[in-house]
There are 2 protein chains.
Amino acid sequence: MKRPTIADIARRAGVSKGAVSYALNGQPGVSEATRKRILSIAQEIGFSANSAARALSGARAQAIGLTLCRPARILGIEPWFMGLISGFEAELGARSYALTLQVVATPEQEIEVYRRWWGERRIDGVIVTDIREGDVRIPVLQQLQLPAVVIGGPGDTGSIAQIWSDDAGAITEAVRYLVALGHHRIARVSGNADLLHTQNRTKAFEAVCASLGLDHALTIPADYTGEEGSRATRRLLIGGDRPTAIIYDNDVMAVAGLAVAQEMGLSVPGDLSIVAWDDSPLCSLVHPPLTALSRDISAYGAQAARELLAAIDGQKVGNVEAGRVHLTPRGSTAPPRQDL
Amino acid sequence: MKRPTIADIARRAGVSKGAVSYALNGQPGVSEATRKRILSIAQEIGFSANSAARALSGARAQAIGLTLCRPARILGIEPWFMGLISGFEAELGARSYALTLQVVATPEQEIEVYRRWWGERRIDGVIVTDIREGDVRIPVLQQLQLPAVVIGGPGDTGSIAQIWSDDAGAITEAVRYLVALGHHRIARVSGNADLLHTQNRTKAFEAVCASLGLDHALTIPADYTGEEGSRATRRLLIGGDRPTAIIYDNDVMAVAGLAVAQEMGLSVPGDLSIVAWDDSPLCSLVHPPLTALSRDISAYGAQAARELLAAIDGQKVGNVEAGRVHLTPRGSTAPPRQDL
DNA sequence: CTGAAAGCGCTTACAG
DNA sequence: CTGAAAGCGCTTACAG
């Protein structure tokens with residue numbers, strides 16, 4: 001099948017190609033009657049503008065890029081990226097923007113992808129996740145002047161806007177809740193220690209524990225995978241002075257932690273309370289269902305896409321706080337049975 | 001920063017733009033010495049060909065499309081799509097192909113997306129999943145002559161090649177294994193009943209149960225979500241004549257089923273054995289870890305990408321069987337404790 | 001309000 | 001082996 005072009009429309013409407021372009025893009029320069037005629041012809045013959053031609057004539061590529069940096073074994077079950085993607089689509093779909101995806105292994109490889117995308121003019125902007133202190137990607141994006149929005153923080157991202165969430169407030173709330181239930185020995189299993197939001201959470205966790213006079217505030221660093229979550233949990237539960245509650249930096253590690261407790265014959269929540277960061281269907285899938293720090297990841301993604309599209313349009317965009325994280329109590333938390 | 005073009009390279013190398021194009025694309029028409037000089041200049045100035053210009057001059061868009069058709073709440077935790085995506089990338093990355101993603105709600109909407117992509121020349125081909133009997137997408141793809149590869153089957157997909165797997169053989173193996181353990185009452189919780197592979201599995205399940213003389217071969221249709229998995233499991237376990245083993249069509253429903261059993265005070269595998277279709281880290285994450293019908297989803301994706309790239313290159317591609325599904329026994333299956 | 005034309009950055013026959 | 005040129009399908013100043 002031959003793809004229809006604006007020339008086909010112009011011929012049928014008896015106008016020039018320029019007029020068709022103006023009509024299609026809502027620009028002034030054609031009469032209302034002509035515009036209507038052109039639009040109805042376009043509709044009728046199923047016209048979609050060739051995105052290459054449009055991009056080449058200086059318009060946008062009408063696509064944004066996202067890199068996924070996770071080992072394959074975790075990529076599949078961590079709801080985080082798919083949640084973000086669902087959110088993006090809500091915004092992108094309405095403006096016929098496409099989402100281009102690339103799996104990478106390291107931030108360095110990610111930089112290569114950004115450079116290539118930029119050179120190819122393949123995308124109009126990127127969404128950056130997993131931000132680190134002194135992140136190597138930031139100066140490259142600034143140098144390329146590639147519109148970008150960072151998901152994560154708060155932290156230093158130079159001139160690039162970020163969508164951040166109050167992780168410190170959330171973890172403080174979780175600790176206060178556990179203490180109110182009667183817990184004194186609270187531990188945490190964190191995500192990768194080099195990520196900015198992990199550091200923010202660790203600092204806040206230590207601060208709130210100190211302020212409440214808890215001295216067992218141990219954070220064991222892990223990497224979001226089930227394997228590491230299990231390992232960290234075993235290490236915590238083997239000791240004599242084991243915690244009565246553990247907060248996990250993601251749902252996958254929390255579920256793995258639950259399995260370890262069950263395997264060791266500990267009852268949840270009787271012997272051990274569990275809190276998962278990031279609520280996902282996974283938390284409600286297991287027994288007992290996990291108390292979680294919930295936030296609407298999809299809304300987070302939608303907001304990021306909105307900001308990025310604004311940045312691409314040349315608007316000034318600043319840092320934005322995402323929707324609040326809130327505690328969703330479920331069956332995995334309760335007063336400690338015997339706190340001796 | 002100004003993007004370098006072939007004109008920049010041509011100027012620096014003292015040759016024509018045409019020569020640069022030939023050199024870059026490995027076409028004959030330039031001497032070896034010139035080609036080397038051009039390539040080193042391109043390397044030096046970090047040149048990537050403008051993908052829009054390339055696509056417009058008749059070459060490929062260098063991108064393939066994938067639509068994701070799942071409700072948001074399941075998209076995030078089902079490892080299937082992310083596994084596929086990881087697999088695609090292994091093939092696409094090597095040839096600098098991009099992957100364009102679009103979330104859709106229905107097959108009809110998916111068709112609209114295909115039409116638009118085709119009109120925009122945005123992608124060179126698509127990978128189609130969730131194939132149904134008499135699938136409405138097939139004739140559209142054929143009419144548009146959009147290169148495509150179907151993941152799923154075996155079944156009728158007209159002239160479009162499919163990567164299929166022997167689901168019938170796999171479920172037969174699973175049932176035989178359970179029967180060998182001593183189970184007689186085996187049930188199944190399936191995915192969406194309108195999907196071709198669900199129907200293939202159901203037929204094979206009923207056939208093997210009949211051939212082995214099991215008369216409780218009940219399949220309860222569900223939809224891959226944890227909610228439906230729980231509902232179906234409760235329905236099965238509430239009855240007086242409850243099954244001693246359940247096979248689930250995906251890992252999410254199997255995990256949900258495990259939780260329901262635990263919630264009802266049934267021991268797994270003592271009172272109930274559980275088999276999950278599609279092994280994923282999720283199966284090893286819970287306690288007990290789930291016996292699973294494993295296949296390498298990522299390899300499946302890689303194979304599909306390979307076939308699609310071949311089809312885009314104009315090669316004839318036929319149906320291909322994906323790597324075999326095999327049973328991975330874990331802690332969730334055992335002889336039934338008391339089979340009265 | 002409309003038409004004719006240049007130009008985006010490539011690829012690819014077509015001459016030399 | 002190399003250069004000059006047309007053309008892909010749009011967008012957008014520039015004349016009328």
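Arg121(B) sits in the loop between helix H7 (107-120) and strand E3 (125-128) of chain B. Helices here are DSSP runs of H or I with at least four residues, strands are E runs of at least two, and both are numbered from the N terminus. Phi of Arg121(B) is near 55 degrees, a positive value in a residue other than glycine. Arg121(B) counts as partly exposed because its relative accessibility is 31%. Buried means under 20% relative accessible area, exposed means over 50%, and partly exposed lies in between (1.4 Å probe, protein chains only).

This is a predicted model, in which local features need pLDDT of at least 70 and side-chain atom pairs count only at pLDDT 80 or more, while totals for chains, interfaces and linings use all residues. Residues are numbered from 1 along each chain as its sequence is written, chains are lettered from A and ligands numbered from 1 in the order in which they are written, and side-chain values use heavy atoms, with hydrogens and water left out.

**Chain A overall**

- Chain A holds 14 helices and 12 strands.
- Its C-alpha trace spans about 90 × 40 × 30 Å along the principal axes.
- Chain A has 340 residues, and 58% of them count as buried.
- The accessible surface of chain A is about 13,100 Å², with 52% belonging to carbon and sulfur atoms. Such areas come from the Shrake-Rupley method with a 1.4 Å probe; for residues, only the protein chains shown count as cover.
- Among contacts in chain A with a separation of 6 or more, 69% are between residues 24 or more positions apart. Contact means heavy atoms within 4.5 Å.

**Helix packing**

- Two packed helices are described by the angle between their axes and the distance between the axes. The axes are lines fitted to C-alpha atoms, for helices over the stretch in contact, and angles run from 0 to 180 degrees between N-to-C directions.
- Helix H6 (residues 79-94) of chain A packs against helix H6 (residues 79-94) of chain B at about 90 degrees, with the axes 10 Å apart.
- H6(A) and H6(B) are therefore roughly perpendicular to each other. Angles under 35 degrees count as roughly parallel, over 145 as roughly antiparallel, 65 to 115 as roughly perpendicular and the rest as oblique.
- Phe81(A), Met82(A) and Ile85(A) of H6(A) make this contact with Phe81(B), Met82(B) and Ile85(B) of H6(B).
- The contact of H6(A) with H6(B) has six nonpolar residues, no polar and no charged. Ala, Val, Leu, Ile, Met, Phe, Trp, Tyr, Cys and Pro count as nonpolar, Asp, Glu, Lys and Arg as charged, and the others, Gly among them, as polar.
- Within chain A, the axes of helix H7 (residues 107-120) and helix H8 (residues 137-144) come within 10 Å and cross at roughly 10 degrees.
- H7(A) is therefore roughly parallel to H8(A).
- On the H7(A) side, the residues include Ile111(A), Tyr114(A) and Trp118(A); on the H8(A) side they include Val140(A) and Leu144(A).
- The contact of H7(A) with H8(A) has seven nonpolar, one polar and three charged residues.

**Nonpolar cores**

- A nonpolar core is a set of buried Ala, Val, Leu, Ile, Met, Phe, Trp, Tyr and Cys residues joined through side-chain atoms within 4.5 Å.
- The largest core has 64 residues. Those with the most contacts inside it are Val189(A), Ile274(A), Leu290(A), Val189(B), Ile274(B) and Leu290(B).
- Beyond four places in sequence, Ile274(A) is in contact with residues including Ile246(A), Tyr248(A), Val268(A) and Leu290(A).

**Buried residues**

- Cys283(A) is in helix H13 of chain A. Cys283(A) is buried, with a relative accessible area of 0%.
- Cys283(A) and Ala254(A) are 29 residues apart in sequence and 8.4 Å apart in space, C-alpha to C-alpha.
- Thr291(B) lies in strand E10 of chain B. Thr291(B) counts as buried at 0% relative accessibility.

**Backbone**

- A cis peptide bond joins His287(A) and Pro288(A), with omega about -5 degrees. Pro288(A) is in the loop between helix H13 (281-285) and strand E10 (291-294) of chain A.
- In chain B, a cis peptide bond joins His287(B) and Pro288(B), with omega about -5 degrees.
- Ser96(B) has phi near 55 degrees, a positive value in a residue other than glycine. Ser96(B) lies in the loop between H6 and strand E2 (98-104) of chain B.
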